[in-house]
Amino acid sequence: MAIGIDNNVTITRIINEKRSPSRATCNKIINRFPKYSFEWLYKGVGEIENQCTDTTIPQTPYTPNAHVIENIEYVNIPLVPVRARCGYLSSFGDQQYIDSLPTIPVIIDRAYHGRYMVFEADGDSMDDGSSSAIRDGDKLLCREVQRHLWLPKLHYNDWYFVVVHKTEGISIKQIIDQDEQGNIRCHSLNPLFNDYTLNLDDVSELYNVVKVVERSMRL
């Protein structure tokens, strides 16, 4: 047939049994007769013909791939931007300092338990160009890992970590190994950065990276 279907059964059933055509069938019809609207053919909505009158131009079926989220709930989470990292390192236990930090509204889709912070990523040590990368400037929702859960073993296969070192600053790393003495092996996704080992006795706080809550999109 003209639309590339080998037999008439499909079209016969659509006409005689008033069945809705499949997406694949609609695509074949539109590819052969581009003046007709994919939305009308597939969903029965809108105009029969496309607004574009130049039927020599192949029409690509418009397929929505986003939707509006309703009943959104936000929680304001303290934000540690890059410029505040030094202050946070010296005042992480000071609730008054924490209360003075700016906050960022984060969409929540389930009950959050525990202490949460948003940290801003600095540099490209966790950026290998993959879909799992953390980019410079990303703002990350992070959940504190309570100290009694650090030993004997962190769940390091499930999360990236924000490591708040007592003297060396704040870093975002993948932990790839841990021994019984609390030594952890920290790994950067970017191959230009070397792995290193530190002991959990030198760490003041640990956070799981839950999700990226803000990212600047650049093509």
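A nonpolar core is taken here to be a set of buried Ala, Val, Leu, Ile, Met, Phe, Trp, Tyr and Cys residues that are joined through side-chain atoms within 4.5 Å. In the present structure, which is a predicted model, the largest such core holds 22 residues, and those that touch the most other members are Tyr 88, Leu 101, Met 117, Phe 119, Val 162, Ile 172 and Tyr 207. At least two residues of this core are supplied by each of the helices α4 (85-91) and α5 (95-100) and by each of the strands β3 (116-120), β4 (139-144), β5 (161-165), β6 (169-178) and β9 (203-214). In soluble globular proteins, nonpolar side chains tend to be buried together.

When neighbours within four places in sequence are left aside, Tyr 88 is in contact with Val 80, Tyr 97, Ile 98, Leu 101, Arg 115, Met 117, Phe 119, Val 164, Ile 170, Glu 205 and Tyr 207. For the chain as a whole, 57% of the contacts between residues at least 6 apart in sequence join residues at least 24 apart.

The chain contains five helices and nine strands, and its elements follow one another from the N terminus in the order α-α-α-β-α-α-β-β-β-β-β-β-β-β. Of its 219 residues, 34% are buried. Phe 38, which lies in helix α3 (residues 38-43), has a relative accessibility of 5% and therefore counts as buried, the limit being under 20%. The C-alpha atom of Phe 38 is separated by 9.1 Å from that of Thr 63, although the two residues are 25 residues apart along the chain.

Strands β5 and β6 run antiparallel and are joined by five bridges; they form a hairpin with three residues between them, and Val 162 has Ile 172 of β6 as its bridge partner. Both Val 162 and Ile 172 are listed among the core residues that touch the most other members. Strand β7 (residues 183-187) also runs antiparallel to β6, to which it is joined by four bridges, and here Gln 174 stands opposite His 187 in β7. The hairpin of β6 and β7 has four residues between the strands, and in it Gly 182 takes a positive phi near 85°.

The loop between β4 and β5 contains Pro 152, which is joined to Leu 151 by a cis peptide bond with an omega of about 5°. Asp 158 lies in this loop as well and, with a relative accessible area of 55%, is exposed. The C-alpha atoms of Asp 158 and Gln 174 are separated by 9.7 Å, the two residues being 16 residues apart along the chain.

Finally, the open space in the model was examined. The largest pocket has a volume of about 230 Å³, and of the 14 residues that line this pocket, Glu 144, Val 145, Gln 146, Leu 149 and Asn 208 are the closest to its centre. By class, the lining comprises five nonpolar, five polar and four charged residues.

Conventions
Residues numbered from 1 in each chain as written. Predicted model: local features only at pLDDT ≥ 70, side-chain atom pairs only at ≥ 80, totals over all residues. Heavy atoms only, no water. 1 Å grid on protein atoms, 1.4 Å probe; cavity = no way out; pocket = protein on both sides within 12 Å on 5 of 7 lines; lining within 4 Å. Points joined across faces, edges and corners; volume = space filled by probe spheres on them. Nonpolar A, V, L, I, M, F, W, Y, C, P; charged D, E, K, R; others polar. Buried < 20%, exposed > 50% of the residue type's maximum accessible area, 1.4 Å probe, protein only. Contact = heavy atoms within 4.5 Å. Pairing = 2+ DSSP bridges.
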